[in-house]
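Here are my notes on the model, in numbered points. Please read them with the coordinates open.

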Amino acid sequence: MSEKISEFFDHQTNANKIDSLVGDLTKNKKEKEAFKYYQLISDVLHHDHGFISDHAVDKIMQKIDQEPIQFNNGFIRPAMQNTLTFDFKKYALYVFASLMLVGTTWFIATNTNDSASSSVPVFLAEEISEQLLNDHNSTTTTNPNFFIQANYQADI
Amino acid sequence: MVIRFFYFLVFFLGTAQVYAATDLWSDINDAKLATQKLNYQGIVQSVNEKQDINVLKLTHANFQNQEYVKIEKVEGDKAELLLLNSDATIYQEQDDRVLIQKKQNNHLFPNIFTGDLEQIKQNYNLSQGSETFIANRKAMLYVLNPKDNYRYFYHLWLDVENNLPLKLTVVSPDKKLVENISFAEIQFLQSKDLNWFRPKSVNNKSYDLIESSQVSQIAPRLFKVTKSTFGFKEVEYLAKRMPGLNVQSQQLILTDGLNYVSIYIHPISRNQKPQSGQIQKNNSNIIALYKDGYQLMAVGKVPFETLEMLTEAINF
């Protein structure tokens, strides 16, 4: 019954069930009292509490704050009215996505060194190619005319 | 009977062809010996890509199994080169001073067959052309045809009398002249006199000795050659600092028996931009690429494709 009342204040009760709920409340005095409490909690949560004292509001909010917090990442969902089931598919998807995120981060970190910004090649410079050619010819040429030049050397 | 004659004819022609090819290669071997053993003096001319003709005077003598070579520039800046076996000293006049530099080389024309003849056989087919006259000497044309697309054609004219190479041209598959060196004049020396083997330039002049680069060969290699190098074999490995690059570079020199390729390798530091691309310069091809944090640059008178394949064989 309490759940029905709670659903009502959470606007989750459809029109057909409202009549049934009102009927039950009129018959059962205890449930009628419970309805009042839920009404009060709903007003406090929706800041619609002009008719009650601030002290009472503070006490109610304190009680709500003391309720244990449950983190539900969407893996636990109600299967039936009073039971919860663990959604393994969602959990596996979450774990897989997390591993992918960690893996991608690791791959980028390991394959991108500090010189990443400078590793974009630029076109082979004319002066570099000249020096390479001179150095290559200084030891390998068959043409004496190249070899007789004394103007180039590789230095340490 | 006809079939037997046919088989005999096939066998005879096949044997004759193999014998002829073997005989041609023995001519190449004789050419190798002739460049080392004979004493000769001549004018050598080479034509560069701009069709400029450079003229040098070359003297070669073999004395007590030591090779002495002197090469002098005939025109332009005065320069001379004294080569004892593979140790070269260059004397180059600049104003009132003389620059002196030491280098290493043992394959200057006409001594082009310094490598392994078997390696050349693996990479080239040899054929014979027709006779002609080079430097007033009767010469026979030999053509070294590459067995694949990774190298160029070598045309060689050998002296009919003693097999000394008188002319060399290197031609690309698209008929472009890559190298052209030949004797314009030549005479064979009988004298054992070695008085000519001294520099003229240093007389009464101050000189600057360009310190030879202290190339270190003990630096650990940064690379491994993990794939086929298409008939090219390593002949030398050097570690040196390249002036323009300002980095410690490693040079791997490869040869296919006739041609040489250098691959330069150095790591790319944080503030350096790697080079990439390909360029042709003085009939040589040069490529640069960035691989696994290293800069690779290859140089040689070979097709770009060869340089690419050789750099692909380098891994870290």
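How many helices and strands does chain B have?

1. Chain B, make-up. This is a predicted model. Chain B has 3 helices and 20 strands. It runs to 316 residues, and 34% of them are buried. Take the contacts in chain B between residues at least 6 apart in sequence: 49% of these join residues at least 24 apart.

2. Chain A, confidence. Mean pLDDT for chain A is 71. Of its residues, 67% reach 70 or more. Residues 113-117 of chain A have pLDDT below 50. Beyond near neighbours in sequence, that stretch has 5 contacts in the model.

3. Contact between the chains. Chain B supplies 57 residues and chain A supplies 33. On the side of chain B that touches chain A, strand β17 (residues 275-281) gives the largest share, with 6 residues. By class, that side of chain B holds 27 nonpolar, 22 polar and 8 charged residues.

4. Helix pair in chain A. Helix α1 (residues 2-9) of chain A packs against helix α3 (residues 29-45) of chain A. The angle is about 30°, and the axes are 10 Å apart. Angles under 35 degrees count as roughly parallel, so α1(A) and α3(A) are roughly parallel to each other. Their crossing is right-handed. From α1(A) come A:Ser2, A:Ile5, A:Ser6 and A:Phe9; they meet A:Ala34, A:Phe35, A:Tyr38 and A:Ser42 in α3(A). The residues of this contact comprise 5 nonpolar, 3 polar and no charged.

5. Cis peptide in chain B. The bond joining B:Phe109 and B:Pro110 is cis, with omega about 5°. Where is B:Pro110? B:Pro110 sits in the loop between β6 (97-104) and α2 (117-123) of chain B.

6. Positive phi in chain B. Two asparagines deserve a look here. B:Asn282 has phi near 50°, a positive value in a residue other than glycine. B:Asn283 is not a glycine either, yet its phi is positive, about 65°. B:Asn282 lies in the loop between β17 and β18 (284-291) of chain B. B:Asn283 is also in the loop between β17 and β18 of chain B.

7. Why does B:Asn282 count as partly exposed? A residue needs 20 or more other C-beta atoms within 10 Å to be buried, and 12 or fewer to be exposed. B:Asn282 has 17 other C-beta atoms within 10 Å, so it is partly exposed. B:Asn283 has 16 C-beta neighbours inside 10 Å and therefore counts as partly exposed.

How values were computed
Residues numbered from 1 in each chain as written. Chains lettered and ligands numbered in written order. Predicted model: local features only at pLDDT ≥ 70, side-chain atom pairs only at ≥ 80, totals over all residues. Axes fitted to C-alpha atoms, helices over the stretch in contact; angles between N-to-C directions. Helix = DSSP H or I, 4+ residues; strand = E, 2+ residues; numbered from the N terminus. Parallel < 35°, antiparallel > 145°, perpendicular 65-115°, else oblique. Left-handed = near helix turned anticlockwise from the far one by under 90°. Contact = placed C-beta atoms within 7 Å. Nonpolar A, V, L, I, M, F, W, Y, C, P; charged D, E, K, R; others polar. pLDDT = per-residue confidence, 0-100.
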